[in-house]
Amino acid sequence: MTEREETLELLVDAARRFARDVLVPAEAEVEASGEIPARVVQGLRDLGLFGMTIPEEYGGLGLSVYEEVRVVQEICYAQPAFRSYFGTTNGVGTLGILNFGTEEQKRRYLPQLATGEMLASFALTEPDSGSDAASLVTRAVRDGDHWVINGAKRFITNAIHAGVFTVFARTGSKDSGASGISAFLVDRGTPGLTVARPYAKMGFAGSHESDVTFDDVRVPASAMLGPEGTGFKNAMKSLDHARLHMAAVAVGLARRLLDEGTKYAVERRQFGQPIGKFQLVQGMLADSQAEYLAAKALVEQSSRDRDAGRKTTLEAACSKYFATEAAGRIADRMLQIHGGNGYIKEYAIERLYRDVRLLRIYEGTSQILQVITAREMLREAGL
Ligand code: COS
């Protein structure tokens, strides 16, 4: 084992222990309060998780994508809202700065983001622009040395905590499509930027998503991220990476769901024996274990391909699609094993079942991921 591999295994082990010893026991408290306790946030900071993807020269851990997905799987053994708290800062909220930022922008934001002193949000989705991201209508108009932004964004994770937003706005004409979109870094507290109260949701208690509105928000020209008109590519590139991260979230959660179901199958007795002795229950366990192993292998191999410098748009889409759909099926089977007990709040499976539902929707719905996969295949074949 190389020194780097040994360091990774130490970090993975620390993340595993933190998830099982600190995060899982805190789940009920988060469900009741809707907040991640300060001691947990501090623990996530101490592990360096806010800076996983940020290079060491800016104070982060500088993990490769493979290393990142290994750590994320461990943290997501606990309910996924814990990961959401540092997820946008590692993922979509920061990747644009890493990929497209000037040295000045990197120095200004990355060191604070790496420590978790500042959180980042990614503001792409709008009320009428979700899967069709290139149709967004938030507008940025040049005014001397400034840009003036007007519009509304929807479902913005961590908006109430974020110190900086990567905002996608149209700088081209109304019908300019993807090539008329630019990205901007907008600081919290900029006049005209308003964050609404987080939504009440089906699951994911402790993760906060809000509407964000821009009413004549003036930012200096230096706040533009990358050249004018490259915002859409910036967003897509960030999502290619983030979808591997999200696939790892599903794999981590799938492991937890399997453990909950297996434990229940051992403890619960019916017809005079543990229900795990019944072959129909065994079938549900075996199908779920096979899907878990397949999802884990897929995301880890796809991450290695990305680290090797290959374009992994197709692999990232397949990983997120397969892993999140598999996690959904696993959640359903594990709840079925719990029977009536799976439907009451006393057991973790009820909450995890609601949490897992979101994974097939955000950062690309399963249907959009199917479209991306098929498009890449057909393009390769010359269509
Ligand atoms: N990496 C880099 N560039 C990319 C890219 C990628 N993965 N995907 C597309 N692009 C580029 C294209 O190459 C094209 O550039 P050129 O015109 O120079 O060739 C440009 O971006 C427009 O691409 P395309 O024509 O494919 O745009 P579409 O409007 O057809 O995109 C999809 C459709 C579905 C791919 C896109 O809208 C999408 O991913 N939607 C889901 C958004 C999402 O996940 N939202 C979740 C919330 S954000 S957390």
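Relative accessible area is used here to sort residues into buried (under 20%), exposed (over 50%) and partly exposed (in between), with a 1.4 Å probe and protein chains only. By this scale Arg16, with a relative accessible area of 32%, is partly exposed. The structure is a predicted model, in which local features need pLDDT of at least 70 and side-chain atom pairs count only at pLDDT 80 or more, while totals for chains, interfaces and linings use all residues. Residues are numbered from 1 along each chain as its sequence is written, and side-chain values use heavy atoms, with hydrogens and water left out.

The domain assignment divides the chain into domain 1 (3-115), domain 2 (120-228) and domain 3 (233-380), the bounds being taken from an automatic or database domain assignment. Between the C-alpha centres of domain 1 and domain 2 there is a distance of 23 Å. To the contact between these two domains, domain 1 gives 23 residues and domain 2 gives 20 residues, where contact means heavy atoms within 4.5 Å. The area buried between domain 1 and domain 2 is about 1700 Å², and 59% of it lies on carbon and sulfur atoms; buried area here is the accessible area (1.4 Å probe) that two parts lose on being put together, summed over both. On the side of domain 1, the residues that lose the most area to domain 2 are Thr88, Gln105 and Tyr109, which together account for 26% of what that side buries.

Across this interface the rule finds 1 salt bridge, defined as a side-chain nitrogen of Lys or Arg within 4 Å of a carboxyl oxygen of Asp or Glu. Arg108 is joined to Asp187 by a salt bridge in which the closest N and O atoms are 2.6 Å apart. The interface of domain 1 and domain 2 also holds 11 residue pairs in polar contact, both residues being at pLDDT 80 or more; a polar contact is a pair of N or O atoms within 3.5 Å, of which, within protein, one must be able to donate a hydrogen and the other to accept it, and residues adjacent in sequence count only if both atoms are side-chain atoms. The elements giving two or more residues to the side of domain 1 that touches domain 2 are helix H1 (3-33), helix H4 (81-90), helix H5 (92-100) and helix H6 (103-115), with the largest share, 6 residues, coming from H5. Helices (H or I, at least four residues) and strands (E, at least two) are DSSP runs numbered from the N terminus.

The salt-bridge rule gives a count of 27. Arg70 counts as buried at 13% relative accessibility, whereas Glu9, at 31%, counts as partly exposed.

Arg16 takes part in a salt bridge with Asp13, the closest N and O atoms being 3.8 Å apart; both residues lie in helix H1, 3 residues apart, about one turn of the helix. Asp13 is partly exposed, at 31% relative accessibility. A salt bridge also joins the side chains of Arg16 and Glu74 (3.1 Å, N to O), and it links helix H1 with helix H3 across 58 residues. Glu74 is buried, with a relative accessible area of 12%. A network of salt bridges links Asp13, Arg16, Arg17 and Glu74.
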